[in-house]
Amino acid sequence: MRTNSSCHRNIQLQRSSLFSVCCCVATADFTVEKRPQGFPELKNDTFLRAAWGEETDYTPVWCMRQAGRYLPEFRETRAAQDFFSTCRSPEACCELTLQPLRRFPLDAAIIFSDILVVPQALGMEVTMVPGKGPSFPEPLREEQDLERLRDPAVVASELGYVFQAITLTRQRLAGRVPLIGFAGAPWTLMTYMVEGGGSSTMAQAKRWLYQRPQASHQLLRILTDALVPYLVGQVAAGAQALQLFESHAGHLGPQLFNKFALPYIRDVAKRVKARLREAGLAPVPMIIFAKDGHFALEQLSQAGYEVVGLDWTVAPKKARECVGKTVTLQGNLDPCALYASEEEIGQLVKQMLDDFGPQRYIANLGHGLYPDMDPEHVGAFVDAVHKHSRLLRQN
């Protein structure tokens, strides 16, 4: 999938210290304007080296939703604003991104934002309802509702506040660890836009796939066209890796996944990498996380991503057999394992590391942290990964 990784990584580190890139979208064309910025030199590149498949001295670790409500300082910061107002504040996003780094020796930061800023930028109203989650007052119900969506070419310019947050955070990280940008995959975004929020069955979204296949592909293409410049813009702003969340992969069986999800996952990776080259930006590793997508691991490993994330339902050894040795794996401790004692967390981490092996691996949870988790247990997880992975390499 990738050759001469050390060379590419070195180029990335050199350019990140010399340039910040502002991106703007003009009609369908993506243009990049460079100006001196001077990002701080990266001090800990273990996560990036593991993502590129290079050898590391220990297993890097970060947590999905590591900036979240399990931290009292997060709740205090968020208390005065509604959720999406926080997302639109670069200062607040930067602060929330940095909070877990102050507590734990994590090997990567992920920018605080939300996947649903993309539907918002396409012109859909989205609110975050306490105790319920995201809500779309006017979801897509009929094929003609697609006419309400804005041209995807304007999405990146609408989301300038995300780029500002990334640049600000990259500066304030002071080179401590790399910064990850992210977005939701087309199928996952489509489910929210059609369902009007979360769903246990995704019946309305899947009804579209069966009854309106052409309109479904049209919507998925619109979302892909919006995601490509958005992700490239994140790299231009300072993101050093990208993760695509296909959070609702498990609602599709193999046939529907191969028809309505996988082609767009592939297209996002292919087009983002091409745009980065065209813009003169160094490549960044890309991660695909398809929750409950165990049936598609082989296809995902060949979709153009350097890293395949795993949820906790996948056995590490079977996953490695399925994807081969050409990609890095990420995951996959059951988040609920953090309810265990710190001693048991250490034992579970040791078993996970033994199963994944010492290289081409990034430790993480199999999904995001839950709001009621004890920060001390999160710290125990991070420390156990570092401790046991170093011991594993000595044997």
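The model is predicted.

**Strand β7**

Strand β7 covers residues 241-246, and six of its six residues are buried, so this strand is largely enclosed by the rest of the structure. Burial here means under 20% relative accessible area. Both faces of β7 are covered: A241, Q243 and F245 are buried on one side, and L242, L244 and E246 are buried on the other.

β7 pairs with β6 (residues 179-184) in the parallel sense, and five bridges join the two. Within this pairing, F182 lies opposite Q243 of β7. β7 also runs parallel to β8 (residues 286-290), again with five bridges. There, L242 has M286 of β8 as its bridge partner.

**Strand β11**

Strand β11 spans residues 361-365; five of its five residues are buried, so β11 too is largely enclosed by the rest of the structure. One side carries Y361, A363 and L365 and the other carries I362 and N364, and these are all buried.

β10 (residues 328-333) runs parallel to β11, with five bridges between them. Q330 faces I362 of β11 in this pairing.

**Strand pairings**

| Strands | Sense | Bridges |
|---|---|---|
| β6 and β7 | parallel | five bridges |
| β7 and β8 | parallel | five bridges |
| β10 and β11 | parallel | five bridges |

Conventions:
Residues are numbered from 1 along each chain as its sequence is written. This is a predicted model: local features need pLDDT of at least 70, side-chain atom pairs count only at pLDDT 80 or more; totals for chains, interfaces and linings use all residues. Side-chain values use heavy atoms; hydrogens and water are left out. Buried means under 20% relative accessible area, exposed over 50%, partly exposed in between (1.4 Å probe, protein chains only). Helices (H or I, at least four residues) and strands (E, at least two) are DSSP runs, numbered from the N terminus. Two strands pair if DSSP finds at least two bridges between them.
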